[in-house]
Structure formats: C-alpha cells, structure tokens
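Dear colleague,

I am handing over the structure below, together with some notes on what was found in it. Please read the notes with the coordinates open beside you.

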Amino acid sequence: MAAIPSSARERKRYILIKVDSEPRAEKTLVGRLVIQAGMQFLGELGMARAGIQFLEDTWNAERQTGIIRASHKYVDEVKSALALVKEFEGKKITINSIKV
C-alpha cells in the first residue's frame, strides 16, 4: 500500500491542558471528560472533523497535565469546549489550556 503524501495528511495541533479538580483526576476520567465536552460543544460532526483525541500516555498525575490532539482548523473550538467545563460526574472540574 502506498504512503499518503504529506500534503494530503491532516495537520494536527497538540494542546497542553491542566486539570483542576477537588479530588485529583485520573487519566480515564479526563479522557471521558474531553470527549463529552467536545460532543456537547461541537456535536458529532464537529468532533469527527476536529479529530479530538486525549493522549492518555502523556498524562502526568502529579502535575495534573496532559495533551490533546486536534485538527489545526479546530484548535479554538476545542479550547472553547474545554473552557466551558465546570462539573463532571458531580465533581467540580476546570480545564485550562496552557500551550498549543
């Protein structure tokens, strides 16, 4: 199978996030939270176009930081979706985007 030329590949951006929550968050909880926040703000079609993925192996439990991958066209929308999170599963949680 032939490789896809670099000009045809999806361009990605990586967003460093910090999670502030009452009890410390676990990576599985953050992964579900990112998907739910994207679904509420962007909908299913927007999520598919944005290509949002939480990279679980980048999660630092001590610092409560991780990385999200998204399409270069939807970085602002993803950051907006994460900023709107105030509560998840009865716990107060905020997500701050540190760096793109």
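In what follows, contact means heavy atoms within 4.5 Å. This is a predicted model, in which local features need pLDDT of at least 70 and side-chain atom pairs count only at pLDDT 80 or more, while totals for chains, interfaces and linings use all residues. Residues are numbered from 1 along each chain as its sequence is written, and side-chain values use heavy atoms, with hydrogens and water left out.

Helices (H or I, at least four residues) and strands (E, at least two) are DSSP runs, numbered from the N terminus. Helix α1 covers residues 27-50, yet its end C-alpha atoms are only 21 Å apart, short of the 34 Å that a straight helix would reach at 1.5 Å a residue (the expected span being 1.5 Å times one less than the number of residues). A kink of about 110° in α1 is centred on Leu-42, the bend being the angle between axes fitted to the seven residues ending there and the seven starting there. Just after α1, Gly-51 takes a positive phi of about 60°.

Phe-54, found in strand β2, is buried, with a relative accessible area of 11% (buried means under 20%, exposed over 50%, partly exposed in between, with a 1.4 Å probe and protein chains only). Leaving aside neighbours within four places in sequence, the residues in contact with Phe-54 include Ile-17, Val-30, Val-34, Trp-59 and Ile-68. Val-30, which is among the buried residues of α1, also touches Val-19 and Ala-25.

Best regards
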